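Welcome, and get your viewer ready. We will go from one selection to the next and look at what is there.

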Amino acid sequence: RVSKVSISQEGNRIICSSEGIYPQPELSWSTIPPSNTTLQNRTTVQRTVEKLYNISSSLIVSDDDPGLTYSCTVRTQRNNMTATISKPEPLHPGEASSWKVIGLIVGALIVAAAIIGVVVWFLRRKKNKV
């Protein structure tokens, strides 16, 4: 019987697991809304000395599909349980790259101002010596 399913995210990987199950379980992944992307996952099943089963699966998530909710279902002949986790979607598409461009422009302006300041300082110093 499946009594608990745990799900967590570590970087670009979502991990789903359940322990102490009998009979041998199966695990499946899905998304809400449904995605056309093939879910690349790796699932392992281990049998314990108590003749119960532990199941674990990791799924690589892509930045191409922001805002999806990932569901992991662990099922046996007796019952099933599902756990879900949401991957946040960016506030506005392209917002991150816009901030990078603004940061680069501001940085370039600061460097240019510093160079101009140094040149003016040298010119004034040279003028005062003459």
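Start by selecting C72. Leaving out residues up to four places away in sequence, C72 touches V5, I7, C16, L27, S28, W29, M81, T82 and A83, where contact means heavy atoms within 4.5 Å.

Before going further, a word on the model. This is a predicted model, in which local features need pLDDT of at least 70 and side-chain atom pairs count only at pLDDT 80 or more, while totals for chains, interfaces and linings use all residues. Residues are numbered from 1 along each chain as its sequence is written, and side-chain values use heavy atoms, with hydrogens and water left out.

Show both sulfur atoms: C16 and C72 form a disulfide with the sulfurs 1.8 Å apart, inside the cut-off of a pair of cysteine sulfur atoms within 2.5 Å. A search of the whole structure finds one disulfide. The angle about the S-S bond is -70°, and the link of C16 and C72 is left-handed. It ties together distant parts of the chain, with C16 in strand β2 (residues 13-21) and C72 in strand β6 (residues 69-75), 56 residues apart. Strands here are DSSP runs (E, at least two residues) and helices are too (H or I, at least four), numbered from the N terminus.

Are these two cysteines buried or exposed? C16 is buried, at a relative accessible area of 0%, and C72 also counts as buried at 0%. The classes are buried under 20% relative accessible area, exposed over 50% and partly exposed in between, using a 1.4 Å probe and protein chains only.

**Now select I7, W29, C72 and V74.** In the largest nonpolar core, which has 17 residues, these four touch the most other members. Such a core is a set of buried Ala, Val, Leu, Ile, Met, Phe, Trp, Tyr and Cys residues joined through side-chain atoms within 4.5 Å. Colour β2, β3 (26-32), β5 (53-60), β6 and β7 (80-86) too: each supplies at least two residues of this core.

**Move on to T43.** This residue lies in strand β4 (residues 41-47) and is partly exposed, at 33% relative accessibility. Beyond its neighbours within four places in sequence, T43 contacts L27, I55, S56 and S57. Its side chain makes polar contacts with the side chains of S57 (2.8 Å) and N41 (3.4 Å). A polar contact is a pair of N or O atoms within 3.5 Å; within protein, one must be able to donate a hydrogen and the other to accept it, and residues adjacent in sequence count only if both atoms are side-chain atoms.

**Last stop: residues 101-123.** This stretch is 100% helix and 0% strand, its end C-alpha atoms 33 Å apart.
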